[in-house]
Amino acid sequence: MAETPIRFGILGCAEIARKVSRAIKLSTNATLYAVGSRSIEKASRFASANGFPPSAKIYGSYEAVLDDPDVDAVYVPLPTSLRVRWIVLAAQKKKHVLSEKPVALNVKELDVILEACESNGVQFMDGTMWMHHPRAAKMREFLSDPGRFGVLKSVHSCFTFAADPDFLENDIRVKPDLDALGALGDVGWYCIRAILWAADFELPKSVIALHGSVFNKAGVIVSCGASLCWEDGKVATFHCSFLANLTMNVTFVGTKGTLHLNDFVVPFEENKASFTAGTESWFTELVTGWLAKPSEHTVVTDLPQEALMLKEFSRLVGSIKNNGLKPEKKWPTLSRKTQLVLDAVKASIDGGLVAVEVVS
């Protein structure tokens, strides 16, 4: 007999919640059950515009969603400054939590969140969608192959988009009281996660912010970058910005191979995604071209990566709810390591580009 789909409540009506609402509808083991906003009118409009079923509960507060005994899990797209309060309360109400990123303003806040989830036996996961695309698994096969890739030596990542004047003036991601980490927290999170993913989540020894950080008039970062180094000589760099053309590049360089992709956060097409990989590349005679040019690899998927994320999260929640299993610790661990590096970058920027040791 098929198990009952995991019933989701959504806290807030942020733009990203539209995408996740669609993902919940597309996943086979989850259902849109409730939405709450600070006004019931706004919640009702959101539900109507995003295809919630007629039976969905519409609430005029976040508390009401958490107090609904039939809500199994909540998706939290609220501003970063509000996450501690609402995720901790959700955990105390025994609701499993899928949170937008960055999860917290710093690792101290994140530890409060993760302790609440662990002590209440609820699953936690952040919304880094690209990790759930089957392309990530295929890339891992290449990076883990000593014959094709060798040993990781460097990672270089860039995620930028050219925000319009309204965004730069009014979006929550440029407001110090709502999302004080700005571009570093929003797009830098993805760059840092990609770097750590390639390094098998081994934390770097230290981080140094790069010159050229840009702040808005409220003091929020709108463009920045950093370099990371490891004890064994691995290095990485990243650049993130709200002020440059849409770019989502990451390159992984090994002793024998190189892997590159141009759309690592959001694939160019949602039903397939590609990467290029080359092994033992060299020059042609007279150095007029490449010998053994990198090859392109395309991975198709029946579901977009955000639906695969919801499907995996719901699977974990179902294993806890129906089979009495413990929450999967992998996901909170990855969130914490990403936050640690993000904190170190922020500390380096605030300290005048000093080297900051990453301490777990």
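UniProt positions here follow the numbering used in this text, with feature names shortened, and such annotations may be inferred rather than shown by experiment. With that in mind, the unreviewed UniProt entry carries the annotation "domain: GFO/IDH/MocA-like oxidoreductase" over residues 145-259. What you're looking at is a predicted model, where local features need pLDDT of at least 70, side-chain atom pairs count only at pLDDT 80 or more, and totals for chains, interfaces and linings use all residues. Residues are numbered from 1 along each chain as its sequence is written, and side-chain values use heavy atoms, leaving out hydrogens and water.

**Domains**
- Going by an automatic or database domain assignment, the protein splits into domain 1 (6-129) and domain 2 (131-305 + 339-357).
- Their C-alpha centres lie 27 Å apart.
- For the contact (heavy atoms within 4.5 Å), domain 1 puts in 19 residues and domain 2 puts in 22 residues.

**The annotated span and its strands**
- Residues 145-259 are 19% helix and 42% strand, and the end C-alpha atoms lie 12 Å apart.
- Helices (H or I, at least four residues) and strands (E, at least two) are DSSP runs, numbered from the N terminus.
- Strands count as paired if DSSP finds at least two bridges between them; β8 (residues 206-209) and β10 (residues 221-229) have four, in the antiparallel sense.
- In that pairing, Ile 208 sits opposite Ser 227 of β10.
- β8 also runs antiparallel to β18 (residues 355-357), with three bridges, and here Ser 206 faces Glu 357.

**Aromatic rings**
- Rings of Phe, Tyr and Trp (its six-membered ring) pair if their centres lie within 6.5 Å; planes under 30 degrees apart are stacked, over 60 edge-to-face, and the rest tilted.
- That rule gives 13 aromatic pairs.
- One of them is Tyr 62 with Trp 86, edge-to-face at 5.2 Å centre to centre and 85 degrees between the planes.
- Tyr 62 belongs to helix α3 (residues 62-67) and Trp 86 to helix α4 (residues 80-92), so this pair ties together parts 24 residues apart in sequence.
- Phe 159, Phe 161, Phe 167, Tyr 190 and Phe 242 are linked into a cluster by ring pairs.
- Arg 140 lies over the face of Trp 197, 4.3 Å from the ring centre (the rule: NZ of Lys or CZ of Arg within 6 Å of the centre and within 35 degrees of the ring normal).

**Glu 306**
- Glu 306 is in helix α10 (residues 305-323).
- Glu 306 counts as buried because its relative accessibility is 5% (buried is under 20% relative accessible area, exposed over 50%, partly exposed in between; 1.4 Å probe, protein chains only).
- Beyond neighbours within four places in sequence, Glu 306 contacts Lys 19, Arg 22, Ala 23, Met 129 and Glu 270.
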